[in-house]
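Here are some notes for a first look. Please keep the sequence and the structure open while reading.

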Amino acid sequence: MKVVKALPRDINTFMHLETLPHYVFYDYHNRKAPMKGYCTACKKEVEVVGKKNNDKGFCPKCKRAVTFKSRGRRGHFHDRSTAQVIQRVGENEIVVRFMKAYASYHKCDIPDFNVYETARLLIRWEGNKIVKWDRFYHSYTHGALTPWCRGDRPRFNRWCYYFENDLCGFLYHKNLDKALKGTPWQYSALKEYYYQDPTPLYMPHYLRTYSSYPVLEYLVKLGFVRLATYIVYGDAGGHHYRSWEKLINVNGKTITEVLGVEKKHIAFLRQVDPGIQQFNMIKGMLNEGVVPDMELMKWCSRTDVSQSDYITVPLRFMTPYKLMKYATEQYNTYRRIAYNKGIYSGVSNVLSDYKDYLLMSEALEHDMKSSFVLYPNNLREAHDRVNDLTKAETSAAYDRKLTKMFSGLMERYGFNKLGFTVLPPASSKDIAREGDKLHHCVGRYVSSMVKEECIILFIRKTSAPKKPYCTVEIKKGDIAQARIQNNNPPPPKLQKFIDLWKQQVVYAPERIAA
Ligand SMILES: [Zn+2]
């Protein structure tokens with residue numbers, strides 16, 4: 001390993017002040033006079049008034065966020081944290097150093113404080129390309145030639161959290177301009193990115209993503225921090241690998257090209273700072289010529305609501321203001337506060353119930369103009385009531401809804417070419433019959449279809465339009481599956497028709513607008 005520079009001189013102070021929690025310790029008494037305290041952040045004597053043990057607040061002198069602790073009750077405890085320091089080690093190389101801090105309070109105001117290094121990452125580049133990405137960990141063994149071992153620190157059990165292995169941490173930001181000058185990351189906006197939310201992160205991800213996607217700089221500097229975060233960290237789970245590439249044009253020259261929206265909407269989007277799902281939702285609305293309500297979108301951003309039908313369905317019946325008011329009220333009243341207390345763990349859960357309730361009420365032909373129907377006092381109860389009907393009542397309601405949907409679906413998806421025809425189902429019996437004939441379980445999709453979670457369509461041979469042949473499920477504007485008899489995939493001739501239909505109908509913008 002190359003000789004690295006000394007650590008920044010103020011690294012201990014940085015870790016103490018910016019990465020660990022602070023306390024004001026005080027001597028408790030029950031008289032009215034102020035209690036005498038000491039702040040661990042500014043290390044000054046302070047006066048404490050009207051605080052209880054473990055109250056959160058601010059130091060009266062340095063104004064930092066602190067926890068108030070009574071000296072009599074604090075006992076032994078410790079805090080720990082991680083930080084990352086970037087340093088230049090050569091013409092074409094930087095090192096990221098992973099630091100740990102431990103502060104142990106043994107019934108005293110001044111902790112045993114320890115800072116040490118656990119891991120290093122060496123990054124070398126040529127031109128703008130990363131050519132080396134070497135990880136090392138500190139083995140803590142003395143006497144060896146070097147304590148640095150290549151690779152990741154071993155762990156006993158991958159499902160268990162090990163603080164020493166954790167490389168996610170705060171970023172030492174004071175030397176960033178200097179350390180990154182002349183590197184491929186000089187304009188990466190890493191500092192701006194970190195400043196908007198100075199909490200732990202695995203910073204090397206940002207460096208690596210930026211070298212493939214310089215568009216990050218634009219996004220961060222214009223305030224699209226949540227989109228930037230998604231590009232850097234969102235796909236880490238691997239489920240939707242680069243799913244955002246459909247939404248963000250990484251080769252765009254201007255922000256309008258990058259985001260694929262008209263210039264007049266940029267200011268609106270900046271104010272909302274949408275996440276990727278919300279961006280998808282807003283873009284969908286904009287493409288349809290609907291300018292989303294600013295307050296509503298901000299509210300969605302705050303409450304992490306990102307499924308567009310949670311919003312678009314209620315908006316058929318009410319104003320954005322009423323929707324926000326009602327959902328917030330329900331959430332505040334029935335919020336989950338313990339594992340067996342309360343119902344909703346997020347506003348999204350409320351809206352999921354609400355969408356379901358509204359669509360079901362509509363199918364049951366309730367008066368959708370009456371505020372008694374639209375805003376039930378107890379949403380979960382009302383939701384269960386409309387969903388808990390007898391079989392006969394439910395299937396009658398489902399049938400009415402499917403009949404109503406028929407002509408719209410025909411207009412949107414109907415297609416006739418190459419000897420095949422696409423048809424929507426006209427009743428729940430149609431769907432059940434299709435399942436019986438083709439031996440697959442499409443029957444259970446009836447309720448999903450009524451609740452607008454998916455669309456079931458039939459493909460028939462034009463010569464035999466009544467005979468079940470192939471069933472298609474459409475989800476979120478795309479074909480989720482197509483199945484012929486016994487759950488088999490379509491034969492080549494039919495697949496050709498499906499591809500054509502997909503191009504000309506399913507993805508066709510003028511049909512979507514209709
Ligand atoms: Zn202080």
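Is Thr82 buried or exposed?

1. Thr82 counts as buried, because its relative accessibility is 5% and buried means under 20%. Keep in mind that this is a predicted model.

2. Where is Thr82 in the chain's secondary structure? Look at strand E6, which covers residues 76-90; Thr82 lies in this strand.

3. Now check the surroundings of Thr82. Leaving aside residues up to four places away in sequence, Thr82 touches Met15, Met99, Lys100, Phe163, Asp166, Leu167, Cys168, Gly169 and Phe170. With Lys100 there is also a polar contact between the side chains, at 2.9 Å.

4. Five strands form an open sheet in the order E12-E13-E14-E15-E16, and their pairing is antiparallel. The edges are strand E12 (415-417) and strand E16 (478-483). Each has a single partner strand, so one side of each is left without a neighbour in the sheet. On average, neighbouring strands of this sheet are turned by 20° against each other, direction ignored. As background, strands of a sheet pair through backbone hydrogen bonds, either parallel or antiparallel.

5. Which strands does E15 pair with? One is strand E14: residues 455-461 of E14 and residues 470-475 of E15 pair in the antiparallel sense, over five bridges. Two facing pairs can be picked out here. Phe458 has Thr471 in E15 as its bridge partner. Ile459 stands opposite Cys470 in E15.

6. The other is strand E16. E15 and E16 run antiparallel and are joined by five bridges. Glu473 faces Gln481 in E16.

7. E15 and E16 form a hairpin with two residues between the strands. Lys476 takes a positive phi there, near 50°.

8. How many residues of E15 are buried? Five of its six residues are, and the strand is mostly covered.

9. Finally, find the helix on this sheet. Helix H19, residues 492-506, lies across E12, strand E13 (420-423), E14, E15 and E16. Against E12, helix H19 runs at about 135°.

How values were computed: Residues are numbered from 1 along each chain as its sequence is written. This is a predicted model: local features need pLDDT of at least 70, side-chain atom pairs count only at pLDDT 80 or more; totals for chains, interfaces and linings use all residues. Side-chain values use heavy atoms; hydrogens and water are left out. Helices (H or I, at least four residues) and strands (E, at least two) are DSSP runs, numbered from the N terminus. Buried means under 20% relative accessible area, exposed over 50%, partly exposed in between (1.4 Å probe, protein chains only). A polar contact is a pair of N or O atoms within 3.5 Å; within protein, one must be able to donate a hydrogen and the other to accept it, and residues adjacent in sequence count only if both atoms are side-chain atoms. Contact means heavy atoms within 4.5 Å. Two strands pair if DSSP finds at least two bridges between them. Axes are lines fitted to C-alpha atoms, for helices over the stretch in contact, and angles run from 0 to 180 degrees between N-to-C directions.
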